[in-house]
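Student: I am new to this structure and would like to go through it by question and answer. Please show it first.

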Amino acid sequence: MDPEAAQTARESLELAFHMSNILDTGLDRRTLSVLITLCDLGLNPEALAAVVKELRRESCSSSPMPETPSSVS
Amino acid sequence: MEEEHRVTDLIKELVLRLLSQNPQNPSSSIDTQKSLRYAIRILSSLMTPSIAPDSAAIAESIKRQLATQGKSSQALAFADLYTKFASKNGPGSIENKWAVLYLLKVISEDRKNQKSRSDSRVSSGFSASVGLPALFDAESGGYSGVSRNRETLEKGWNNGVLLVSKDPENIREIAVREFANLVKEENEVSEEVLVRDVLYACQGIDGKYVKFDKSVDGYLLRDSIKVPRATRITVQKLCELGWLFRKVKGYISESMDRFPAEDVGTVGQAFCAALQDELSHYYKLLAVLEAQSMNPIPLVSEMANSGNYLSLRRLSVWFAEPMVKMRLMAVLVDKCRVLRGGAMAGAIHLHAQHGDPLVHEFMRQLLCRVCSPLFEMVRSWVLEGELEDIFAEFFVLGQPVKAESLWREGYRLHAGMLPSFISQSLAQRILRTGKSINFLRVCCEDRGWADAATEAAAAAGTTTRRGGLGYGETDALESLVIEAAKRIDKHLLDVMYKQYKFKEHCLAIKRYLLLGQGDFVQYLMDIVGPELSEPANTISSFKLAGLLESAIRSSNAQYDDRDILDRLRVKMMPHGTGDRGWDVFSLEYDARVPLNTVFTESVMARYLRIFNFLWKLRRVEHALIGAWKTMKPNCITSNSFIKLQSAVKLQLLSTLRRCQVLWDEMNHFVSNLQYYIMFEVLEVSWSNFSNEMEAAKDLDDLLAAHDKYLNSIVEKSLLGERSQNLYKTLFVLFDLILRFRSHVDRLYEGIHELQSRTMESLSPSRDKTRSRRLLNDKTAEPGAWISDGRKALTQRAGEFLRNMGQDLDAIAKEYSSLLEGFISQLPVQQHIDLKFLLFRLDFTEFYCQLHPNM
């Protein structure tokens, strides 16, 4: 990656991070960059969002509140 | 493969990170694996996004959401960030920006929901992100399986309704998608195909679905094809252009077919050419439109910019202007189907009187081309006198006639072919100018008019070459025609006056035919008189010609121009039996080309009539003068009075006196009539005619002036139709006067004889025996007279004189009654003013007093 592209990527990431902070998504830089990469590769953002949600829930559910995973329809 | 690996690696990392976010729970590898599998399952189940990939819309919706939540500063910040984010392009930047935004949005919403959720949760699985729009409080129905027991009203969380899509703006997208489906259902045929068909129809070709329907006489979509009614109507409206095109094209091809048969004139051809030019512009437009119609029409849901596409609506906008023009052309075609030449140009011109600048400009261009052949014809006619009109389209018609009637009948105007932008007076001028050129060329054999023509063209600012003038330059045409007319008329009149000496000939006619040359007439009458007393069929015109020659030689007429004298001839009119020479004698003047344009046969016949009248009047005058010569007192007659008896003497004296009185009356009448004719009629008319000849600007003026001159002479000399009674009375009077003359002759003959007898018997002892002997020899019956003696002589004389006296009385009475009748009619005439004649005849009011009823 040439420096200019790297610069652009860094700046885009920064902007996206700021946006995500405004929206209060709770994502950190690293996770966000992974997600962005996956989106760019063409994955469905809805699906990604769902993954995020589920995994968060799971991580929460592994804590004292037991949750039943919802059915995938 | 590498892609997939990468993807898997990334997912793994994601899972790890997400799980590790929860610090409380240390992630076990099994959990990680499970989660990984789960994640992959989720990801593989949803492949296509449900919303339109428009990052701007998503950003907008996020902004709005933030604003409605009261976080306006954050909304502004977000907007700012988004603009910067969106402007990042090139290598290293994010390509699916919309995906990123959408992702963030969904995640934030999920988090919000998660945070605000209480224990029991509505399953908002993956179907949450698919399908239905977010319905707000009002509409809460929809999906079954929703538990309505959640009463919590949260922002963004609806009343127990399955929030399938948290993006309110998805309403639009969903609705549009539904509409697209509906459209696909309703239309059997797609709009692109229809557009292409319409474009074909507008060139007169049947398309796949749009065909020409003869029964309706228009282009229609077949009823069997299922399209919504609006589309059907739109297609029909657009196909009107096709119908108009068909009409115009049909006319053009018809005309082209008829051209070899020489039925279509030059103007018609020009019209077709102009129409074809317009159609070529139209074809260009259609070509451009056809290129555009190849682009697919995007449905409303697709916001991609797929180039310049062509829908039916756009087509109707493009067709607005061509429709107007085509309509105009179709109207003109209808109008001009049966017209040709100048009439066609005039009809098109009438249509050009329009306020709309588009129409006006269009018509002007069309007319420029249509009228160019006409203007050409006018130019060549006016400058060269050429009538190049194969198809009979020009408004000047020519016909082959003899040279002498070339001016009057050779050319005339054809009102039907006169276009409306050329006024009547201009047309007259055009006609006259061309006629003058032809006249000069044919009758006068003059070539000088060509210079005049070039001068005229130069003065008017155009050239004598072709194509100098066009429609819309009627002023230029008018000025050209006026200049040409002015010069050529002047040239023509110059030629007539100088080369052909028109004025001199007129004067000659006046002098000879109208008896203006008094001494010549006198001599002629003296010489020809005795000849003419013979019956008409014994007179030879050859002899009369010789007498005419001698009369000319002995009068002042011999000094006249030889050319003029050559033309003067004797003419014997056709006579019946019993006619005397006086009735059939006349003079004639031979006017050759080109003067016989003015002096035509009919004109010469009128001159002849006037000549006859004047000749008769002269004859009567001549007769009276002859009578005077006999009647004037001389010693012979006065001597005899001494010797006679008083009774006879008295009778003689009274007879003589009565004769004298009657002669005086007649002479008064005749000389005054003569004077009136000569001076009041002939000279006055001639001076008027001279003035008008000076003022005449062209040959038409000259002809009119000459006609007026002749008319006035005819009317004033009582030869007109309305003066028939007077004319007859006059002729009876003339006859009477001639009878009187013969009576007087007889009377004086008798007196001379009587006196010679008396002289002989009364003076035997005279010295002049020889004269007596002569007298003796002359007497017929010397014995009878002398032997009777004085008594017989007296008796005879008395008888003779009495008879004569009675005759004279009769004549006198008749004469006075006729004259009275004549004079009484004079003031009553309304069509001519005879007061001068009346004044002369009756200036002492003698007759008025005699007969008070006058």
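Tutor: Asp698(B) sits in the loop between α25 (646-695) and α26 (699-716) of chain B; helices (H or I, at least four residues) and strands (E, at least two) are DSSP runs, numbered from the N terminus. This is a predicted model, in which local features need pLDDT of at least 70, side-chain atom pairs count only at pLDDT 80 or more, and totals for chains, interfaces and linings use all residues. Residues are numbered from 1 along each chain as its sequence is written, chains are lettered from A and ligands numbered from 1 in the order in which they are written, and side-chain values use heavy atoms, with hydrogens and water left out.

Student: Is Asp698(B) buried or exposed?

Tutor: Buried means under 20% relative accessible area, exposed over 50%, and partly exposed in between (1.4 Å probe, protein chains only). Asp698(B) has a relative accessible area of 4%, so Asp698(B) is buried.

Student: With which side chain does the side chain of Asp698(B) make a polar contact?

Tutor: A polar contact is a pair of N or O atoms within 3.5 Å; within protein, one must be able to donate a hydrogen and the other to accept it, and residues adjacent in sequence count only if both atoms are side-chain atoms. Contact in general means heavy atoms within 4.5 Å, and beyond its neighbours within four places in sequence Asp698(B) touches Asp489(B), Leu493(B) and Arg432(B). The polar contact, at 3.5 Å, is with the side chain of Arg432(B).

Student: Where is Ser380(B), and is Ser380(B) buried or exposed?

Tutor: Ser380(B) is part of helix α13 (residues 357-384) of chain B. Leaving aside its neighbours within four places in sequence, Ser380(B) is in contact with Gly385(B), Glu386(B) and Glu388(B). Its relative accessibility is 1%, so Ser380(B) counts as buried.

Student: What is the phi of Leu718(B)?

Tutor: Most residues other than glycine have a negative phi. Leu718(B), in the loop between α26 and α27 (724-762) of chain B, is not a glycine, yet its phi is positive, at about 60 degrees.

Student: How many helices and strands are there in chain B?

Tutor: Chain B has 854 residues, 44% of them buried. Its secondary structure comes to 31 helices and six strands.

Student: In what order do the elements of chain A run?

Tutor: Chain A has 73 residues, of which 52% count as buried. It holds three helices and zero strands. From the N terminus on, the order is α-α-α.

Student: What is the phi of Asp24(A)?

Tutor: Asp24(A) lies in the loop between α1 and α2 of chain A. With a relative accessible area of 40%, Asp24(A) is partly exposed. Its phi is positive, near 55 degrees.

Student: How much area do chain A and chain B bury between them?

Tutor: Buried area is the accessible area (1.4 Å probe) that two parts lose on being put together, summed over both. The contact takes 55 residues from chain A and 62 residues from chain B. Carbon and sulfur atoms hold 68% of the buried area, which is about 5700 Å².

Student: Which residue forms a salt bridge with Arg17(B)?

Tutor: A salt bridge is a side-chain nitrogen of Lys or Arg within 4 Å of a carboxyl oxygen of Asp or Glu. Three are found across the interface of chain A and chain B. For Arg17(B), the closest N and O atoms are 2.8 Å apart, and the partner is Asp28(A).
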